[in-house]
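I opened this model to look up the annotated residues and what surrounds them. My entries follow in the order I made them.

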Amino acid sequence: MARKDLYIIRHGETDYNRRGIVQGSGVDAPLNEMGRAQAEAFFQAYQHVPFAKIYTSTLIRTFQTVEPFVELDIPYEKLAGLNEISWGVMEGKIPNTLDDEYYRTLIENWSAGNTAMPPEQGESPEQVVARQRPAMAHILAQTGESPVLIAMHGRAMRILLSWLLGKPLARMDTFEHSNLCLYKLTYDEDTTQFTLDVVNDTSHLLAVSSYH
């Protein structure tokens, strides 16, 4: 069976994450001290994996998350298709909790199936899918390139996992995530189907829990 193993991680913590503020693709925040510790912990746990290639979004927080692997001279590529959703007017301002009425209304609409609804001046989940598809097609077209490490963002990851695994976008919030969690998928090149092997794994972060 021709297969490709995909290790998909969310970036490490930023100060926006810590404060619970919407980040999105328009806020290019770096990792904070905790985020860098998480990146190092993930590297310590997975440096033995012979990654053939690394893919990140164009935002610095994803590149910083995989930088220890890049320093091993593993080739990498930045793809804008992997960027976080654009939250539009919410970015850098609004708490990303259901206590915020604007945020809650948006999430409720998406959960009800209205996944074409964007935040004001932002992107809808369906628009994110439209740019993720060519990015993933590019990654999957690199035959023999396995395993690969993909560093991306929370909401974009939920959207990606939904359509890769054939789930409706309205159910994307069933894919839980936290900073530097790991999802592992296997892609069968013969059937073009994905299998979900590892879900929201953060066991590699036990070493940095003392930072909290």
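**Entry 1: H11**

I began with H11 and listed its contacts (contact means heavy atoms within 4.5 Å). Leaving out residues up to four places away in sequence, H11 touches N17, Q23, R61, T62, T65, M152, H153, N179 and L180. Before going on I noted that this is a predicted model, where local features need pLDDT of at least 70 and side-chain atom pairs count only at pLDDT 80 or more, while totals for chains, interfaces and linings use all residues. I also noted that residues are numbered from 1 along each chain as its sequence is written, and that side-chain values use heavy atoms, with hydrogens and water left out.

H11 sits in the loop between β1 and α1. Helices here are DSSP runs of H or I with at least four residues, strands are runs of E with at least two, and they are numbered from the N terminus. Is H11 buried or exposed? I found it buried, at 2% relative accessibility. The cut-offs are under 20% relative accessible area for buried, over 50% for exposed and partly exposed in between, with a 1.4 Å probe and protein chains only.

**Entry 2: the active-site annotation**

I then checked the UniProt record, an unreviewed entry, whose "active site" annotation covers H11 and E84. They span 74 residues in sequence, yet no two of their C-alpha atoms are more than 10.6 Å apart, so they gather at one spot. The lining of the largest pocket takes in both H11 and E84. I wrote down the terms: on a 1 Å grid over the protein atoms alone, a pocket is an open set of points where a 1.4 Å probe fits, with protein on both sides within 12 Å along at least five of seven lines, and lining residues have an atom within 4 Å of a point. UniProt positions are given in the numbering used here, feature names are shortened, and annotations may be inferred rather than shown by experiment.

E84 lies in the loop between β3 (76-78) and α4 (101-111). I found E84 buried, with a relative accessible area of 8%. Not counting residues up to four places away in sequence, its contacts include R61, E123, R131, H153 and R155.

I looked at T14 next, in the loop between β1 (3-10) and α1 (15-19). T14 is buried, at 0% relative accessible area. Beyond its neighbours within four places in sequence, T14 is in contact with Q23, A29, P30, L31, N32 and R61.

N17 is in helix α1 and counts as buried at 17% relative accessibility. What does the side chain of N17 reach? I found the backbone nitrogen of T14, at 3.0 Å.

**Entry 3: S57**

S57 is in the loop between β2 and α3 (60-70), and I found it buried at 0% relative accessibility. Its side chain makes a polar contact with the side chain of T62 at 3.0 Å. A polar contact is a pair of N or O atoms within 3.5 Å; within protein, one must be able to donate a hydrogen and the other to accept it, and residues adjacent in sequence count only if both atoms are side-chain atoms. Leaving aside neighbours within four places in sequence, the contacts of S57 include A151 and H153 as well as T62.

**Entry 4: strand β4**

I moved to β4 (residues 148-152), where five of the five residues are buried. V148, I150 and M152 point one way, and L149 and A151 point the other. In a regular strand the side chains alternate between the two faces of the sheet.

β4 runs parallel to β1, joined by five bridges, with I8 opposite I150. Strand β2 (residues 53-56) is also parallel to β4, through four bridges, and T56 has A151 as its bridge partner. Two strands pair if DSSP finds at least two bridges between them.

**Entry 5: helix α6**

Last, I took helix α6 (residues 154-164). Eleven of its eleven residues are buried, so α6 is largely enclosed by the rest of the structure. Which elements cover its buried residues? They include β1, α4, α5 (125-141), β4, β5 (182-188) and β6 (193-201). Just after α6, G166 takes a positive phi of about 70°.
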